[in-house]
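Subject: Structure handover

Hello,

Here is the structure I promised to pass on. Please open it next to this email and follow along.

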Amino acid sequence: MPEPEFRPEEIFRILDEHGVRFVVVGGFAAILHGAPYVTFDVDVVPAVDPGNLSALSAALKEMHARIWTNDEPEGLSFDHSGGSLAMTKIWNLVTDHGRLDVTFEPSGTTGFDDLRRDAVSLRVMGQPVDVASLADVVRSKQAAGRRKDELMLPVLREMLGGGPPPDSPPG
Amino acid sequence: MMHHVYHGGMELGQFVREARRRAGLSQRELAARVGISQPQVARIERGSVDTSFRLVRRLVRASGFDVSIELVDLDDSAWSVAQTQQRMSIDARVRANRALLSVAGAAKDHA
């Protein structure tokens, strides 16, 4: 069975309907900021208070979230609650609407409150969503130090600085 | 200590902010470490004042990081794509990602 079509707006809608407070980070956040990036998943950073984690657990159940692995792209079912979700730093999941990574402390950040501070509210396919600032996306990707991020960082930094400086005439 | 590579278009102040945030420091704490005022740090981070590279490096180092500069070949192709992407609406950016994933999926199925 192929992986479900990636429809992040549906993931956002379900999270929103359950009242989950979260910030979008990672490659999908970079795309929303206009970066020439392609990604097959969405990374969200939820607030870690018990009420929010319980809401997150309910939302994940509604979207039939399963644990994604390379060997099991259809996902492994797992039982969870707000409390059990908090016991792991990152969850790589596949849902009815595509891949979803839930991470509590992205590299170079201290999590939701840190990222929420400068987040921007955007509307994605009609769905309101808080997205980490481009500067914070860069901060996290720089700290993660993954090869695929290193390739993208120069252009993200150019975007932050408003573009490359004008070429100098040949001297 | 980690090293950051400087890329041309980025305002130097962004490096200061990024390093400070990663270190979990307030602007006031960082200012105290290098002996300048908190408003000065804020202005540097915003890019509202011209700042010497020397001072930027001091601030970054006071956050536990370092900045390195290197010459690289000029390549603005990714920036050209980014400019195109930035002229698109947010929904169009999402649809473009979906279309590219679809192409990638078709190529994978074909292989």
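Below is what was found, starting with the contact between the chains.

Some ground rules. This is a predicted model, in which local features need pLDDT of at least 70, side-chain atom pairs count only at pLDDT 80 or more, and totals for chains, interfaces and linings use all residues. Residues are numbered from 1 along each chain as its sequence is written, chains are lettered from A and ligands numbered from 1 in the order in which they are written, and side-chain values use heavy atoms, with hydrogens and water left out.

**The interface**

Chain A brings 44 residues to the contact and chain B brings 29 residues. Contact here means heavy atoms within 4.5 Å. About 3,000 Å² is buried between chain A and chain B, and carbon and sulfur atoms give 61% of that area. Buried area is the accessible area (1.4 Å probe) that two parts lose on being put together, summed over both. Look at A:M125, A:R139 and A:R157: they supply 20% of the area that chain A buries against chain B, more than any other three residues.

The rule finds 6 salt bridges across the interface of chain A and chain B. A salt bridge is a side-chain nitrogen of Lys or Arg within 4 Å of a carboxyl oxygen of Asp or Glu. One joins the side chains of B:R17 and A:D136 (3.3 Å, N to O).

Which elements of chain A each supply at least two residues of the side that touches chain B? They are α1 (8-17), α2 (26-32), β6 (120-124), α6 (134-144) and α7 (147-160). Helices (H or I, at least four residues) and strands (E, at least two) are DSSP runs, numbered from the N terminus. By class, this side of chain A has 22 nonpolar, 10 polar and 12 charged residues. Ala, Val, Leu, Ile, Met, Phe, Trp, Tyr, Cys and Pro count as nonpolar, Asp, Glu, Lys and Arg as charged, and the others, Gly among them, as polar.

In α1(A), A:P8, A:E9, A:I11, A:F12, A:I14 and A:L15 are buried. Buried means under 20% relative accessible area, exposed over 50%, and partly exposed in between (1.4 Å probe, protein chains only). A:R13 also lies in helix α1; A:R13 is partly exposed, at 27% relative accessibility. After α1(A) comes A:G19, with a positive phi near 75°.

In strand β1 (residues 22-25) of chain A, A:F22 and A:V24 point one way, A:V23 and A:V25 the other, and all are buried. In a regular strand the side chains alternate between the two faces of the sheet. β1(A) runs antiparallel to strand β2 (residues 41-46) of chain A, with 4 bridges between them. A:V25 has A:D43 as its bridge partner in β2(A).

A:S121 sits in strand β6 of chain A. Is A:S121 buried or exposed? A:S121 is exposed, because its relative accessible area is 57%.

A:M125 is in the loop between β6 and β7 (127-131) of chain A. Its phi is near 50°, a positive value in a residue other than glycine. A:H64 lies in the loop between α3 (50-62) and β3 (66-67) of chain A, and phi of A:H64 is also positive, near 50°.

Best wishes

Key. Two strands pair if DSSP finds at least two bridges between them.
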